[in-house]
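Hi,

Here is the structure I promised to pass on. Have a look at it first, and then read my notes below.

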Amino acid sequence: MPSGNHDLHIHSLYSDASSEVFRIAERSSSLGLDTIAITDHFWPSLGSRRGGRPLIEERRAEIESARDHFSELRVLDGAEVDIDADGELAEVAGGLEQFDLIVGSFHWSMDSSLWAQALARALREPRFQILGHWDGFLTSFRESDGDAAATALAKAGVAIELSGRYQVQYPRFLEQGKEHGCVFSFGSDAHSVEGIGRLQYQRQLASDLDLKIVDVNGLGRGTD
Ligand SMILES: [Zn+2]
Ligand SMILES: [Zn+2]
C-alpha cells in the first residue's frame, strides 16, 4: 500500500514561487515526506515567463545537489505543463521526456464538456502522469462528462491530483474516479516553503472516500 506521504506539485523560484530548491528539500525532509516533485512551469506554459535549457539545467543541478544532501528524500525533477483546448501539451525547451514527472494542468476556464473533450484528446497518447488541480478552472460539472473523463484517466493510468491549493468543487468526480479505478496523488501546489505538504484535508478526504493512492515508486526515470 503506498503511504501517500508525498507532495508531487511544488513550485520553486525557477518559475513563479519564492522557494529555493534546497529550502524546498530541507522543509520536505523536516516534514518527513518521502517523495516530492518540483514542478515548475516553463514558458510557453503560462505560469512563468521564464524557460529555456540553461535555466532548466541550472535547476536540475540544484535538484541533484539537494538529492545528495537529503538522501532519505526522493526528489523528482518535474514540470507543470499547460493542456490546451485541443488536448496538446505546451512544449518545454529540451522536451518533456527529460523530466521524471509531468503534471498536466488546465489553466483556462471551461465548462465540463470542453474539459472532458480536451482531456480525452490529451489522454490518447498521454505525455503526463498527473492531472493537476483537475477542477481548478471548471465552471460547471455534468455527471456524463465526469464519467468520460474518469474512464479516459483510468485507461491512461494518469493520476488525479488532490490539490492543496484549489478546493474541491465537484466531489462527485472523485467517486467517479474511484468507480473507474483511477489513482490519486497529493500536490500542495506550494508557491512558498511554508505551503509544502499542506495536505491534511486532502489526505483525510482520500481516506474517507477510500481512494487509491498512486505508487510513487512507479514514477521517475529508470524505475519501471
Ligand atoms: Zn497549475
Ligand atoms: Zn502549480
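Helix 1 and helix 2 cross in a right-handed way. Keep in mind as you read that this is a predicted model. The axes of these two helices, residues 21–31 and residues 53–69, come within 9 Å and cross at roughly 30°. Angles under 35 degrees count as roughly parallel, so helix 1 and helix 2 are roughly parallel to each other. On the helix 1 side, the contact uses Val 21, Phe 22 and Ala 25, and helix 2 brings Arg 59, Glu 62, Ile 63, Ala 66 and His 69. Sorted by type, the residues of this contact are 5 nonpolar, 1 polar and 2 charged.

Next up is helix 3 with helix 4. They pack at an angle of about 15°, with their axes 9 Å apart. That makes helix 3 roughly parallel to helix 4. The crossing here is left-handed. Helix 3 makes the contact through Ser 112, Ser 113, Trp 115, Ala 116, Leu 119 and Ala 120, and helix 4 through Asp 145, Gly 146, Ala 148, Ala 149 and Ala 152.

From helix 4 the contact takes Glu 143, Gly 146, Asp 147, Ala 150 and Leu 153, and from helix 5 it takes Arg 172, Phe 173, Gln 176 and Gly 177. This contact divides into 3 nonpolar, 3 polar and 3 charged residues.

Now for the inside. Which residues touch the most other members of the largest nonpolar core? They are Leu 101, Leu 153 and Phe 184, in a core of 59 residues. Helix 3 (residues 112–122) supplies the largest share of this core, 5 residues. As for Phe 184, leaving aside residues up to four places away in sequence, its contacts are Ala 159, Ile 160, Leu 162, Gly 177, Ala 206, Leu 211, Lys 212, Ile 213 and Val 214.

You'll find Phe 99 in the loop between strand 3 (74–82) and strand 4 (101–105). Phe 99 has 24 other C-beta atoms within 10 Å, so this residue is buried. Not counting residues up to four places away in sequence, Phe 99 touches Asp 77, Gly 78 and Ala 79. Phe 99 and Thr 39 are 60 residues apart in sequence, and their C-alpha atoms are 9.4 Å apart in space.

Last, some backbone details. The peptide bond from Trp 43 to Pro 44 is cis, with omega near 10°. Pro 44 sits in the loop between strand 2 (35–40) and helix 2.

Asp 189 has a positive phi, near 55°, in a residue other than glycine. Asp 189 lies in the loop between strand 7 (184–187) and helix 6 (200–209). Is Asp 189 buried or exposed? Asp 189 counts as buried because 24 C-beta neighbours lie inside 10 Å.

Phi of Asp 210 is also positive and near 55°. Asp 210 is placed in the segment after helix 6. With 7 other C-beta atoms within 10 Å, Asp 210 is exposed.

Cheers

Notes: Residues numbered from 1 in each chain as written. Chains lettered and ligands numbered in written order. Predicted model: local features only at pLDDT ≥ 70, side-chain atom pairs only at ≥ 80, totals over all residues. Core = buried A, V, L, I, M, F, W, Y, C linked by C-beta atoms within 7 Å. Buried ≥ 20, exposed ≤ 12 C-beta atoms within 10 Å, placed from the backbone. Helix = DSSP H or I, 4+ residues; strand = E, 2+ residues; numbered from the N terminus. Contact = placed C-beta atoms within 7 Å. Nonpolar A, V, L, I, M, F, W, Y, C, P; charged D, E, K, R; others polar. Axes fitted to C-alpha atoms, helices over the stretch in contact; angles between N-to-C directions. Parallel < 35°, antiparallel > 145°, perpendicular 65-115°, else oblique. Left-handed = near helix turned anticlockwise from the far one by under 90°.
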